[in-house]
Amino acid sequence: MRSTPTLAGALVALLALGVVPARAGHRPNNEVLVGGAISLTGQYAEPAGRQVNSIRLWVDDVNARGGLLGHRIALRLLDDKSDIQTSIKLYEKLITEDKVDVLLAPYSSGITEAVANVTERYKMPIVAYGASASPIWEKGRRYIFNIVAVAETFQKGAVHLARQIGVTKLAVIGQDSLFPRQAGKGAKDWAQRLGIDVVLEENYPTKQTDFTALLQKIQASGAEAVISNSYFADAAAQLRQMRELGLNFKLYSSTVGPALPNFAEQLGATAEYVLGFSLWEPLPGVLGYPGMKEYIERYEKRYGEKPNYHAGGAYGALQVTEAALKHVGSFDSEKLRDALATIEVQTVFGRYKVDAKGMNSHEGLTFQILRGQRRVVWPEKWAETKAELPIPEWSRR
Amino acid sequence: MTRGEHLRNLALLGTSAIALAILPHALSVYLRSFALFTMMYVVLALAWNIVSGFTGYTSFGHVAFYGIGAYASAILTADYGWHWLPTLGVGAVLAAAVGAVIGYPVLRLKGPYFAIAMLGTAEGTRVIATVWDSLTHGGLGISFPSAENSLETYDAMLTLMLVTIVVAHVVGHSRFGISLNAIREDEVAAEALGINATLYKLAAFVLSAVFPAVAGGIQAYKVLYIDPPSVFFVQITIAMALMAMLGGKGTVIGPILGAVLLYTAQELTWVNFPTAHLIAYGLFIVLVARFMPRGLVGFAIDRGWVRKGMVH
Amino acid sequence: MERSEVRSLYLLAVFLACAYTVPFLVGAWAGTVRFDERWLGNLATVVVAGVMQGGVYAMFALGLTLIFGVMRIINAAHGEMVMMGAYLTWVCFFYLGVDPLLSMVLTLPVAFLFGVAVQKLLLNAVVGQPELTALLITFDLGLTMIYTAELIFTTDFRAIPYAPGTVHLTRTIAVGQNKVISFVLAVVISTAVYLFLKLSRLGKAVRATALNAEVAMVCGVDVRRIYLITTGFGAALAAAGGALVSIQFGFNPETGVVYTLQAFAIIVLGGRGNYMGALIGGLMLAVLENLVSLMVPNGTAVVELAAYGLMIFVLLIRPGGLMGVKEG
């Protein structure tokens, strides 16, 4: 064939072409590169977006104070589109090509788990603020740390409240992915400990929007309350469809959805009485962590809304990173890792002190949406008001 | 093909092989990954071509085998502690078995119905992988134990690619391959000539299932994490089909060319235009399907640049 | 009907009967089935919901079957056209404040023109060619539509809150108001299209082209124009389906993929090119899906499998579907 020699040449040339886009991370002006891939688009964009807000705020705060160890921070945030494979590729690129000095964590337990493999391989420490699934820390990893509480505790308050109103049969449903499943596991454990019978347990595909049959199934099972380990879209769909079908439950608790500010807005009256979980609330009077008030003010001034727990967690994690860097005095990965494993820091988000596995012990709060506002109802030491349960029937609202 | 041409091809293949084997040591990890995935797509495109290009039964669901290979490798390595290499063999055998079982009924369908049925099969496999979570961990995905493996996987993929090229070439030039072409052109006539169409189609189908499975296994180990949506990704099927079509269905060089060109183009646009690249990609494939159904090689043949033969 | 025809029809009927009993059997084995009044009420609700949804499915399957009947083209982007309809409705609702049902007056013509454009630019050239080429092109078109939607609207789910009330058909059977409204509209639109095809001059021209394009041409029908109109109609029907879907469920750029699959399954089951078949197929599929979801453990995840399984088996047993459409 006459074309084959040219073909071989073309092949090699093409592979060489690939060398061209390889940009080495340069450091003009004594800057330090802080980078990560987070969900700027995709199903996690809402919660991740608030973390991005905190990240940007932190970068500006630190730069105003003279930078990280005297170096100005250059921020590089890439979009993982809420997709695991994209995230892995981006982190590999950030670490090997762009040579970032400090890594930022992604959002969601699934993505964090996949990225943890990458950071472990390249021995770069990272403090996670978007992951709550304990399996990530059960694998003997040394380079990943957590600041937020684990998924298993998310529904603890809801289950306790269910017990308080005398619920004996519970349905636990959730999206079929890492975090919701861990939350479900935790809910089940608590139910068993409190003597509640879990009569239905089912996972649904992440993109599910039609819950008619599932809701019927729940009703058929005799469940009096529903624990739904869901995000925004699915929780919203479930509530709407419960209303349309006239299905009444004594208690409904979701994990992530209700904590997002526009949940109550978008659903209006349908969101009333829904329970949600929050790792943190912007209530300095209630929680009293150092620097909370100032952080909330600055955030609100810049973004026009109070920070929620996603934002708070990200800021707290970055405070920890900064403290660890100060402690070490350089950007050496190994020393940074050791510092992160041992130091104790009081952040706007709460206390950071990890155990041998790298997990923090953090307590969150359960809230209920009452008259369009999130009010803390559990644990009692932080409760603003008593929970209004059981939920009144749709027809009587 | 004359003897001289055969020898020339062999020499070419040999030198490319050596060059590619030395290459990774000179490249950064990122580029090594890039090269690995390019080779993977060559494998996929060639394998797809064996059934869809040669036989004319266009499969929209070959990603099912890729997924099966990935999961076989993941489950055995992560849950049962096997060493990674033998899991590839298991994946291959499993894919062949599934291919035989599914192929037999499905190959009775014609043209677009076969394509749609295969699409259904791929999606069905994905749903099974998601639901059968005692085996596959469902939506949680499977994480491999951490390992620095960019060189190992590169070599494995290189070997796989060379094997696939040789097999595709051999099949294409054998009696078997010519019979497949006959089936594509006119199945009824082929049967009348004494070709056992059912057997040959099935053989081609099973053969085409094996290579994606091994590729899937290698890729899973490379990335160290899989879950049903990432592995049974419909884009992979499209990429396979597109690369083979772009290069030229029914030829051997075609899929190789198509895979290299398309994957490189895709990566370059992704790196430089993260948001818009998908649309450009989408438009591109629509245009290719519309205006160049016979691919680059077909185009070249029409122009007389390449001598026309049944297969190159 | 010849012997083999009759045989395959019986075989299909038996298969369908089995398909419908499987969820019950699985449910009985798994303990999710109980024969008390309350559970039967749940069952009835689910079946009714299935019928309502089926009406909407049937409507956009009608669009698909129309395109196939006339041009032998399988539109793999049909689900994306439904998705497009949903987004157009959403845009009208959010930015223009128009009632989603009323906005169909705007969105349907837009979809129609889109269909015409697609036909003119992409599909006219491949009408006579093997069906596979068109399948590939429309498949890729669908993908491009998804990417474009993702760029413009991001992958966030949207929903249009509309008619949230409940309709109580009996003491135990409740249906969402928006479902009933959608069903009624779907029936109205489908009937209108059906009557149009049967009675109007243009409709007859379309049917003539479907039967035999060459003869139609000889009789003075402008076949090229009919093609444009057919795809336009198909797209409009899909968009109408999208509008009705938007008031019931959340949607994002990728929801169309499932609808394409369901539409395929419906026309395969009902018989491609056959309008009555689309209706029956739509109802049957939706009800089966809901039964599976209710009674099979983890049924919600397996529902897609039901559609695929149904389609593949029908293709193998009786490719002509219930109505027995012949090849050619």
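**Figure 1. Leu69(A) in a loop of chain A of the predicted model**. Leu69(A) counts as partly exposed because 14 C-beta neighbours lie inside 10 Å. The cut-offs are as follows: a residue is buried with 20 or more other C-beta atoms within 10 Å of its own, exposed with 12 or fewer, and partly exposed in between, with C-beta atoms placed from the backbone. Leu69(A) sits in the loop between α2 and β2 of chain A. Helices (H or I, at least four residues) and strands (E, at least two) are DSSP runs, numbered from the N terminus. Leu69(A) is not a glycine, yet its phi is positive, about 50°. Most residues other than glycine have a negative phi. This is a predicted model, in which local features need pLDDT of at least 70 and side-chain atom pairs count only at pLDDT 80 or more, while totals for chains, interfaces and linings use all residues. Residues are numbered from 1 along each chain as its sequence is written, and chains are lettered from A and ligands numbered from 1 in the order in which they are written.

**Figure 2. Lys99(A), a residue other than glycine with positive phi**. Phi of Lys99(A) is near 55°. The loop that holds Lys99(A) runs between α3 (84-96) and β3 (102-103) of chain A. Lys99(A) has 13 C-beta neighbours inside 10 Å and therefore counts as partly exposed.

**Figure 3. Parallel strands β1 and β2 of chain A**. Strand β1 (residues 31-38) and strand β2 (residues 72-79) of chain A are joined by 8 bridges; strands pair if DSSP finds at least two bridges between them. Ala37(A) has Leu78(A) as its bridge partner in β2(A). Between β1(A) and β2(A) the chain passes through helix α2 (residues 45-64) of chain A, in a right-handed β-α-β crossover. Right-handed here means that, with the strands pointing away from the viewer, the path from the first strand over the helix to the second runs clockwise.

**Figure 4. Cis peptide bonds in chain A**. The bond from Trp378(A) to Pro379(A) is cis, with omega near -5°. A cis peptide bond also joins Leu389(A) and Pro390(A), with omega about -5°. Pro379(A) lies in the segment after β14 (373-378) of chain A, and Pro390(A) is in the segment after β14 of chain A as well. Most peptide bonds are trans.

**Figure 5. The two sides of chain A**. Chain A is divided into domain 1 (28-149 + 288-352) and domain 2 (152-278 + 365-396), with bounds from an automatic or database domain assignment. Their C-alpha centres lie 30 Å apart. In contact are 14 residues of domain 1 and 13 residues of domain 2 of chain A; contact requires C-beta atoms, placed from the backbone, within 7 Å.

**Figure 6. Val43(B) in the largest nonpolar core**. A nonpolar core is a set of buried Ala, Val, Leu, Ile, Met, Phe, Trp, Tyr and Cys residues joined through C-beta atoms within 7 Å. Of the 345 residues in the largest one, Val43(B), Phe60(C) and Ala239(C) touch the most other members. Helix α2 (residues 37-71) of chain C gives the largest share, 19 residues. Leaving aside neighbours within four places in sequence, Val43(B) is in contact with Leu160(B), Met161(B), Thr164(B), Phe211(B) and Ala215(B).

Conventions:
Contact = placed C-beta atoms within 7 Å.
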